[in-house]
Every structure is written in C-alpha cells, then in structure tokens.
Amino acid sequence: MHAYEEAEWILYPVSIIHYSCTGQVVNGLISSTKRDNFNIPVYAPSLQDFKEVVEENGSFVINKLEVFKGGSPLDLNKPDDANEVGRALANSCRTVCGVLVDAHIGDKLSEELFVRVERQAANRAKELLEKLQFFHIVASLSFAQ
C-alpha cells in the first residue's frame, strides 16, 4: 500500500506548476527545454519502502505499521472561496520550491508562474480540497534483540 491513497495527488501541486510552465512555453516566455530541464525532488515512501529500510538496517523490529490521513496541507479561513484555495496552494508551492524556480527561470518569470499556479489551483479548488491530503506513516518499533 502506498502512503498516499492516490499517489498522483502528492504530485498534484508539481503537475500544476508543470502545466503553468507549459503556458509560459506556449506564450514564448520560456523554452520547452528550459521547462523540461527543471525538476522538483519529491519522495513519498510506501509502507513497503519503509518496511524494507527498517528491516535492512536490522536495529529495529516493526510491531505495527499504518498510514493515517492527516488533513489538508492548505491553511484556509474560507475553504469555499476558490480564490483563497488557489492563493494558498500557490503560496505553499512557492514556499517549497520558489527558490529553485527563481534560480531556474528568474524572479520575474517565477512571479508570473506562481500567478498562473494560483489561477489553475483556483479553477480546481473543490477537487484540491477533496483530494490533496497529508498522509503519515506511523510505526511502532522495538529494538532488535
């Protein structure tokens, strides 16, 4: 079982950034090569990944291993306001990868990109709130004998 019930949702913010970059390509603001050469490192371990690492290390025994849904990563005052949802996702993405984006395409194009991200997220606000959730792997471990 993957830590994320629907694995594509961990990548959803990244896909919105990619889609927004594609808009910049279509408008001639950046090249498709520049877009395609940009990567955001994302790792979401599955329960199996976690289990294999613990077992390979050999220092611990797994007593219990579960995944818990932890709520939305977006901090919202008005979850029914699509514009607030868009702004929250854009701000979250900017916090996580803004420096990388700035270094890759420059401050001005980065600002324009995150405006596009905000619009895209606002257009999919309801879907975002339903699907985009934090998931946590919780483990009970004992020292190996």
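Helices (DSSP runs of H or I, at least four residues) and strands (runs of E, at least two) are numbered here from the N terminus. The model is a predicted one, so to speak of local features takes a pLDDT of at least 70, and side-chain atom pairs count only at pLDDT 80 or more, while totals for chains, interfaces and linings use all residues. Residues are numbered from 1 along each chain as its sequence is written, and side-chain values use heavy atoms, with hydrogens and water left out.

Overall, the elements go α-α-α-β-α-α-α-β from the N terminus on, which comes to six helices and two strands. Some 32% of the 145 residues count as buried, meaning under 20% relative accessible area, with exposed set at over 50% and partly exposed in between (1.4 Å probe, protein chains only). As for contacts (heavy atoms within 4.5 Å), residues 24 or more positions apart make up 76% of those with a separation of 6 or more.

Now to one helix pair. Helix α1 (residues 12-26) and helix α4 (residues 82-105) have axes that come within 11 Å and cross at roughly 50°. Those axes are lines fitted to C-alpha atoms, for helices over the stretch in contact, and angles run from 0 to 180 degrees between N-to-C directions. α1 and α4 are therefore oblique to each other, given that angles under 35 degrees count as roughly parallel, over 145 as roughly antiparallel, 65 to 115 as roughly perpendicular and the rest as oblique. On the α1 side, Pro-13, Ile-16, Ile-17 and Gln-24 meet Leu-89, Cys-93, Cys-97 and Ile-105 of α4. By class, this contact has seven nonpolar residues, one polar and no charged.

Ser-32 sits in helix α2 (residues 32-36) and is partly exposed, at a relative accessible area of 34%. Ser-32 is 11 residues from Cys-21 in sequence, and the two are 8.7 Å apart in space, C-alpha to C-alpha. Ser-110, in helix α5 (residues 107-123), counts as buried at 2% relative accessibility. Leaving aside residues up to four places away in sequence, Ser-110 touches Gly-98, Val-101, Asp-102 and Ile-105. Ile-105 is also one of the α4 residues that α1 meets.

Technical notes:
Nonpolar A, V, L, I, M, F, W, Y, C, P; charged D, E, K, R; others polar.
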